[in-house]
Amino acid sequence: MNKLGTKKDRNKSTAGGVSESIASEDSDASSVSTAEGRPSVESQKSHGRSVITTVSSRNVGAAPHGQPIVKTRSKIKPNKVFSRMIFAQTLATSQNDEANGDYVNNSNPVTSAVDDDSLAPEEPAGAVWVLKFSKDGRYLASGGQDCVLRVWQVIGDDSHDSQQTEDETTKGVPVEESIKVFEDSPVHEYEGHQADILDISWSKNNFLLSSSMDKTVRLWHITRKECLCVFQHLDVVTSITFHPRDDRFFLSGSLDCKLRLWNIPEKKVAYWNEVPDSNMVTAVGFTQDGKIAVAGSYIGSCFFYETEGLKYNTQITLDSNKSRNSKKTRKITGIESMPGMPPGEEKLLITSNDSRIRLINLKDKGLVAKYKGLENPSMQIRATFSDDGRQIICGSEDKNIFLWETEQAGFSPFHYLQDSRYKTAATLGHFGEHLVQTAVNSTHHNGQPTRVSGWLKRGGEKVKEKLKGGYEYFEGHHQVVTAAIFAPTRTRQLVARTGRDTIYNNTVIPDEPSKLAATEPNLNRSASNASNLATQAELEAEENEQARKNALNYTYPNGQIIVSADNVGVIKVWRVDCGDYASNHITPTNTKQEHVVGNSVPLQQYASNSTDNTVKSTTFSKRGFSSIFGKHK
């Protein structure tokens with residue numbers, strides 16, 4: 001049995017200090033609990049509001065959406081990726097939310113305290129335990145304490161509003177822009193479970209599974225209003241997941257210590273196995289190819305099985321120095337395969353109740369990286385990847401949302417100067433930094449580490465570990481953040497194609513230099529041709545088509561969308577503002593022609609019905625963006 005060693009937890013007072021400092025900056029939105037542990041009236045009044053700490057001088061270049069930037073903090077991470085985070089939308093999960101003016105589904109969060117007690121709901125909404133996006137990025141599913149499975153649709157996706165926007169754009173009617181991501185109301189509210197919904201899984205064909213404390217798993221489909229099938233278990237079903245290659249099968253883990261592989265068409269268990277030592281299963285997962293099934297247990301062990309027959313393969317145990325001699329459990333709360341990894345280099349992300357997230361190499365079951373910062377000592381909070389595997393997100397019991405990058409080789413180790421060795425090296429500037437890198441990475445020809453700067457080498461591995469664990473975080477809720485996920489790339493593209501998104505309409509999309517360069521000689525050769533105007537028009541039309549394709553395929557890598565939920569039922573949508581609002585790009589209404597710098601133009605210029613030949617064809621009116629895509633199919 002392999003054991004994964006960990007280091008001691010960070011000082012609790014440090015976390016407390018961070019929490020106190022955040023609270024002091026946003027004292028108007030403080031949350032107070034009563035002696036019985038139930039949120040007070042003041043807490044209920046404020047739990048639907050966005051927790052936003054702003055800096056007045058940082059308003060994203062006077063962005064038209066008017067939303068302030070959320071205060072994000074970082075540790076061991078000088079380059080903030082999420083420094084332009086804004087609050088975008090709140091999703092109502094109960095009738096109390098809809099009837100309450102403080103819970104309206106819009107992109108204008110309340111930032112001041114509510115004085116009227118009548119605005120507070122009589123009872124807090126139930127906790128949301130799980131959030132999951134569909135594979136195609138069109139839908140978001142949520143489930144929790146109220147036993148209702150809700151499905152939210154991405155705004156403008158295959159809806160009447162999209163056709164209406166297209167018609168209005170064609171007629172020249174101004175289209176109202178926003179930063180909302182989802183429709184105001186869920187498209188489905190599936191009822192049937194008799195206890196908390198604990199986990200959700202989507203198939204490639206938009207089938208949906210939900211597991212519950214009522215000892216059942218239910219199957220749904222986005223086109224149907226009723227439950228398609230119920231899979232009965234002997235105990236609480238803590239975790240489920242569809243097979244990644246064949247969605248006729250799904251894996252379930254239960255507190256009856258059994259792992260089951262279900263055959264959906266036959267409505268029966270294909271294979272099952274009992275976890276060794278009667279360990280209760282708290283999380284399940286597959287590798288990318290679906291050949292290995294993984295089960296996480298209540299005591300911090302991960303068991304690996306061959307999917308075919310669920311034959312036991314091996315197991316590992318998460319361990320930490322501070323609790324090695326204690327009886328405190330390290331329950332596994334989440335298991336996820338890292339996207340985009342080639343065969344033989346697959347990795348698993350494992351979340352546990354020792355407030356740690358570990359990245360495991362599947363080949364040798366070794367520890368690749370350990371991510372710290374969050375507070376997760378007791379709840380079923382799980383970390384997840386972005387769909388490209390480059391970033392990790394997780395909720396926390398201290399009300400924060402934490403974000404890590406999986407590749408941080410370019411970060412300077414001198415950002416963390418709490419150790420005297422690093423301080424000494426920092427005084428030497430670039431030379432000192434080179435010493436650290438040499439001490440950490442240099443080896444002899446036989447592969448053994450060198451003895452360069454022994455006093456610095458002793459902290460080398462510590463430096464590498466700290467660099468991997470650098471993170472950003474922000475306070476997103478007034479309560480425990482039970483779930484936080486990234487929207488997939490497809491969701492960002494769907495939002496952009498509506499033509500009504502304030503951020504993506506102002507995002508600069510880089511052109512393909514080779515395509516544009518190829519047109520220059522053609523234009524020169526056609527200068528002496530009698531049909532110069534016709535040739536140029538054809539080239540401009542081709543350039544327009546290329547710009548349209550670029551806009552359709554652009555992934556908006558700097559415009560991440562985040563959805564989070566808390567233990568009182570509030571679901572919030574956050575966005576990284578990648579819009580360029582300060583640039584004065586040319587449009588058909590400009591009388592003075594200006595050149596776009598660096599083969600890049602803003603998204604808002606990719607659509608226009610203007611026939612003004614005096615303006616370069618790659619510039620378009622902002623209101624005409626949606627017309628180039630037509631009705632989305």
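**Entry 1: Lys 258**

I began with Lys 258, which is buried (under 20% relative accessible area, with exposed over 50% and partly exposed in between, 1.4 Å probe, protein chains only) yet has no salt bridge. A salt bridge here is a side-chain nitrogen of Lys or Arg within 4 Å of a carboxyl oxygen of Asp or Glu. The nearest side chain of opposite charge is that of Glu 274, 4.3 Å away. For charge, Lys and Arg count as positive, Asp and Glu as negative; His and the chain ends are not counted.

I placed Lys 258 in strand 14, residues 258–263. Strands (E, at least two residues) and helices (H or I, at least four) are DSSP runs numbered from the N terminus. Leaving out residues up to four places away in sequence, I listed what Lys 258 touches: Ser 252, Gly 253, Trp 272, Asn 273, Glu 274 and Val 281. Contact means heavy atoms within 4.5 Å.

**Entry 2: ground rules**

The model is predicted: local features need pLDDT of at least 70, side-chain atom pairs count only at pLDDT 80 or more, and totals for chains, interfaces and linings use all residues. Residues are numbered from 1 along each chain as its sequence is written, and side-chain values use heavy atoms, with hydrogens and water left out.

**Entry 3: salt bridges**

How many salt bridges does the rule give? I noted 13.

I looked up Asp 199 and Arg 382. Their closest N and O atoms are 3.1 Å apart, in a salt bridge. This pair links distant parts of the chain, 183 residues apart. Asp 199 sits in strand 8 (residues 197–202). Arg 382 is in the loop between strand 23 (367–371) and strand 24 (384–385). Both residues are buried. Which residue joins Asp 199 and Arg 382 in a network of salt bridges? I found Lys 132.

Next came Asp 354 and Arg 358, whose side chains form a salt bridge at 2.8 Å, N to O. Both are buried.

Then I checked Asp 501 and Arg 575, a salt bridge with closest N and O atoms 2.5 Å apart. Asp 501 lies in the loop between helix 9 (489–497) and helix 10 (502–505), and Arg 575 in strand 31 (residues 571–576), so the pair ties together parts 74 residues apart in sequence. Asp 501 and Arg 575 are buried.

**Entry 4: Tyr 298**

Tyr 298 is in the loop between strand 17 (292–297) and strand 18 (301–306).
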